[in-house]
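This report is meant for a reader who is meeting the structure for the first time.

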Amino acid sequence: MPPSTPGSDTARRAAVYCWPSSPSRSAGPGTARDRRAALDVQLALAYEQAAVLGLAVAGDQVFTDSRPPAGPTGSERATPGWRSLLASVRRREVRRLLLPQAEQLERHACAFAELLELATEYDLRLYGHPRDVNDPEVREELLERAERTARSAREASARARRAHRRAAAEGRTHGGGLRRFGYTTGMTALIEEEAEVVREVFARFLAGDSLRALAVDLNARQIATAYGNRWTVSGVGRLLEAPRYAGLRVLDGTIVRAPDGSYVTADWPPCVSVADWEAAQQLRDERARARAANRRPRREYPLTSLLRCTRCERHMVGSTIGGYPTYACTSSSSLDAEHCSRHIAAESLEAHVAERAIALLEAQSVPVLDGVPVGPAARFGWSRLSPGRRAAVFRHFFASIRISASSTSRSVFDPSRIELLPRRHPTG
Ligand SMILES: [Zn+2]
């Protein structure tokens with residue numbers, strides 16, 4: 001009997017969340033039986049994806065709903081499956097979560113944003129999105145996008161409501177169901193002790209405090225966000241960016257201005273002056289520019305020498321396409337071959353291959369490459385390897401990685417396209 005490795009089984013356990021998404025767009029709401037069948041399809045997909053990612057679906061952590069978690073504005077009541085998932089995350093029972101519909105979830109922007117915030121706070125690893133949601137920069141970008149989506153959806157529905165109720169509610173805002181820090185729901189009144197915190201955050205930021213220092217300090221003082229969560233770096237950043245704190249209205253993501261260019265003030269009381277808010281935006285921009293200037297310019301593509309397109313038998317080369325790191329078949333640049341547009345998202349592909357490499361390293365008892373930990377230390381060791389060493393591990397285990405045509409819609413990561421051919425090592 002091989003020695004059992006306690007911990008490794010539990011470490012790979014993952015929760016799953018899904019709902020029945022109908023594959024055909026023309027299909028109507030459908031019967032309960034249709035929805036049940038569609039949910040079964042999603043669950044089967046989830047188990048397949050989990051196997052590919054080297055995850056074991058935790059039988060007691062499969063969360064489902066009969067519809068997606070909530071609309072984009074978050075004003076609807078959360079669905080029961082989603083509620084119990086979030087409760088389990090907060091109890092730290094869920095450490096890894098597979099979302100086979102992660103991309104669709106983005107459309108339910110409030111739910112998605114809340115999940116990303118929780119993931120940061122509770123160190124939850126997320127799987128199923130074509131991009132690496134566990135990369136802090138990617139996460140921040142997706143979070144900002146979700147906030148924008150939610151904001152414009154909220155503004156659109158608030159506009160519709162205002163039109164209907166103009167007579168009754170002249171000049172009054174009808175905010176969505178979410179309460180904003182510093183204000184009561186609907187932005188009708190200040191909550192003075194929170195407004196005081198908002199003023200303090202602006203003042204300290206303008207005095208030079210970092211977002212991180214502010215988040216750490218608020219949490220140390222046990223000041224919770226409007227949702228009752230701990231503050232994150234991006235949460236403090238979004239507070240500083242929100243025009244509402246200067247009493248400014250936002251419509252479709254831009255600040256509302258009068259025809260002469262001046263601000264149109266909202267009907268809720270501001271927390272800070274427009275001048276302080278503008279100064280904070282300028283400082284945010286300056287810091288972002290400084291960060292961008294220090295960022296390393298080029299991304300590494302460790303799989304380039306191994307990938308082949310099964311159609312053209314050519315290498316697939318890494319580059320940024322439409323803003324996304326991508327491996328693409330090189331015959332697109334050749335004149336003789338028929339144009340081949342085969343490509344695959346780099347983040348998900350690399351994560352997939354890395355999981356296989358880590359599993360292989362974990363199975364080793366003697367070192368295979370200098371400085372590359374094996375056995376139980378493999379996963380932690382992997383996180384500390386340079387891109388060059390990771391590429392060496394890939395070349396050690398795999399002779400070639402063959403990418404076939406995508407059978408699903410372009411935006412969905414389809415691991416069945418990937419065939420890993422092992423490198424044969426002389427034995428004995
Ligand atoms: Zn090709």
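Leaving aside its neighbours within four places in sequence, Glu350 is in contact with Pro302 and Leu303, where two residues are in contact if their C-beta atoms, placed from the backbone, lie within 7 Å. The model is a predicted one, in which local features need pLDDT of at least 70 and side-chain atom pairs count only at pLDDT 80 or more, while totals for chains, interfaces and linings use all residues. Residues are numbered from 1 along each chain as its sequence is written.

Glu350 lies in helix H11 (residues 346-362); helices (H or I, at least four residues) and strands (E, at least two) are DSSP runs, numbered from the N terminus. Because 22 C-beta neighbours lie inside 10 Å of it, Glu350 counts as buried. A residue is buried if 20 or more other C-beta atoms lie within 10 Å of its own, exposed if 12 or fewer, and partly exposed in between, with C-beta atoms placed from the backbone. Thr310, in the loop between strand E7 (307-309) and strand E8 (316-321), counts as partly exposed because it has 14 such neighbours inside 10 Å. Not counting residues up to four places away in sequence, Thr310 touches Arg402, Ile403 and Ser404.

The table gives one pair of residues for each of these two positions.

| Pair | Separation in sequence | C-alpha to C-alpha distance |
|---|---|---|
| Glu350 and Leu303 | 47 residues | 7.5 Å |
| Thr310 and Cys329 | 19 residues | 9.6 Å |

For the protein chain as a whole, there are 13 helices and 12 strands, and 30% of its 428 residues count as buried. Of the contacts in the protein chain with a separation of 6 or more, 59% are between residues 24 or more positions apart.

Which residues of helix H3 (residues 80-90) are buried? They are Trp82, Leu85 and Leu86, and, seen down the axis of H3, they fall within an arc of 95°, so they line one face of the helix; the arc is that of the directions from the helix axis to the C-beta atoms. Pro80 and Ala87, on the other side of H3, are exposed. Among the elements covering the buried residues of H3 are strand E1 (13-18), strand E2 (56-64) and helix H5 (109-122). After H3 comes Arg92, whose phi is positive, near 60°.

Helix H7 (residues 192-206) packs against helix H9 (residues 233-241) at an angle of about 95°, with the axes 10 Å apart. This makes H7 roughly perpendicular to H9, a term for angles of 65 to 115 degrees; axes are lines fitted to C-alpha atoms, for helices over the stretch in contact, and angles run from 0 to 180 degrees between N-to-C directions. From H7, Val198, Val201, Phe202 and Phe205 meet Val236, Leu239 and Leu240 of H9.

Finally, 3 strands form an open sheet in the order E8-E9-E10, with antiparallel pairing; two strands pair if DSSP finds at least two bridges between them. E8 and strand E10 (343-345) stand at the edges, each with a single partner strand, so one side of each is left without a neighbour in the sheet. On average, and with direction ignored, neighbouring strands of this sheet are turned by 30° against each other. E8 and strand E9 (residues 324-329) run antiparallel and are joined by 6 bridges, and Ser319 stands opposite Thr326 in E9.

How values were computed. Angles under 35 degrees count as roughly parallel, over 145 as roughly antiparallel, 65 to 115 as roughly perpendicular and the rest as oblique.
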